[in-house]
Amino acid sequence: MSNVFDVLKERGFIQQATHEDEIRELLGKESVTFYIGFDPTADSLHVGHFVQVITMMHMQRAGHRPIILIGGGTGMIGDPTGKTDMRKFMTPETVQYHCDCFKKQLSKFLDFSEGKAMMVNNGDWLLNLEYIPFLRDIGRHFSVNRMLTAECFKSRMERGLSFLEFNYMIMQSYDFLKLSREYNCSLELGGDDQWSNILGGVDLVRRVDQKSVYGMTFSLLTTSTGKKMGKTEAGALWLDPEKTSPYDFYQYWRNVDDADVEKCLSLLTFLPMDEVRRLGSLEGAEINKAKEILAFEITSLVHGEEEAKKAEAAAKALFGSGPQTDNIPFTEISSDELEGMDILSLLSKASLIPSRSEGRRLVQQGGVSINDEKITDINTLITKDYFKDNALMIKKGKKTYHQIRLK
């Protein structure tokens, strides 16, 4: 059986490692308990988290045990990493609700049965710490000069960095010490923006307990131009179907740039690498097939195969490349009816609005799209240019889709 380190390396996950050779040897000879931290700032994970989720799936399938650390304590303060503003405070009740939502979502991807995976909340130990003993026993191991060289702090110095946030690295490092002692956790994983915090934890465990532990970071999900993926007009691309519908989720991946197809297939699916490279090498119109496979595979992982099939059928119906489908409601109109028809008349024809006044409000507030293009002008005329293979797709709000077909 191949070493999971080699699998992650080949697929492009690994960015930095504290001790690459030692980590590879450890992962190859025994079951390793590792952890990844998630701050509960929302009630759903989003695509930015998904690389970490896939990483845990690879690791668990190779026989290693994931600990999902929910930042119920650190989340009360906020991580300055990659941000210019201090995070808003949350109540303990809000944090707990978000933690429960994360557990439910992650259970779709990981096996939480006995000994397989576990979820812990650092609020269980951080919120009960006594300040003076913590400074004496833990804080003394951190050099302020060294902490200020960390990129997450350097970028905040000119704008202002609160003492509250300055403690984040110390607390995250303490998490690793706690998990090492309680669960024999020997490896911390995270996005590459967490490198300084991970180094702090590795160093703290070695200083305090004279124990060898390790850290490794993974590539952030970015486009070929360096821009973060997962952002849409509506905001983040959520894993919760109530926040981002399976169709919208599918369409996001169906429409990624050609240059990003191979990277996304490698990081976000479990397709064999030979197939990933073959699909990534396709050019011209052929690359669209690779995008369809990408979209289907990721949507299947997140929402299940049935929802992925529905989204695929809806997308194919939109572009006229598949059979007529019952997955999308449709209205047929003639070319004569189309002549001079405006957006409000089209919405009325499709029974998508109860009145023109309601339609006017909906359009002006950005609640209507045609073929994923937002329509905000109520005087927009619907011409044959909007139709592809005699069909167009209307999206109303976040979840309502309706196809218009020319007779």
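Predicted model: local features only at pLDDT ≥ 70, side-chain atom pairs only at ≥ 80, totals over all residues.
The cysteines were examined for disulfides. A disulfide is a covalent bond between the sulfur atoms of two cysteines. With a cut-off of 2.5 Å between cysteine sulfur atoms, the count of disulfides is zero. For Cys 101, the closest cysteine sulfur belongs to Cys 99 and lies 9.2 Å away, so the pair is too far apart for a bond. Cys 101 has a relative accessibility of 16% and therefore counts as buried, the limit for that class being under 20% relative accessible area. Cys 264 is also buried, and its relative accessible area is 0%.

Leu 135 is found in α6. The relative accessible area of Leu 135 is 35%, so this residue is classed as partly exposed.

Helix α3 covers residues 47-61 and has 15 residues. The distance from the first C-alpha of α3 to the last is 21 Å, close to the 21 Å expected at 1.5 Å a residue. Helix α3 is mostly covered, with 13 of its 15 residues buried. Just after α3, Gly 63 adopts a positive phi of about 100°.

Notes. Residues numbered from 1 in each chain as written. Heavy atoms only, no water. Buried < 20%, exposed > 50% of the residue type's maximum accessible area, 1.4 Å probe, protein only. Helix = DSSP H or I, 4+ residues; strand = E, 2+ residues; numbered from the N terminus. Expected span 1.5 Å × (residues − 1).
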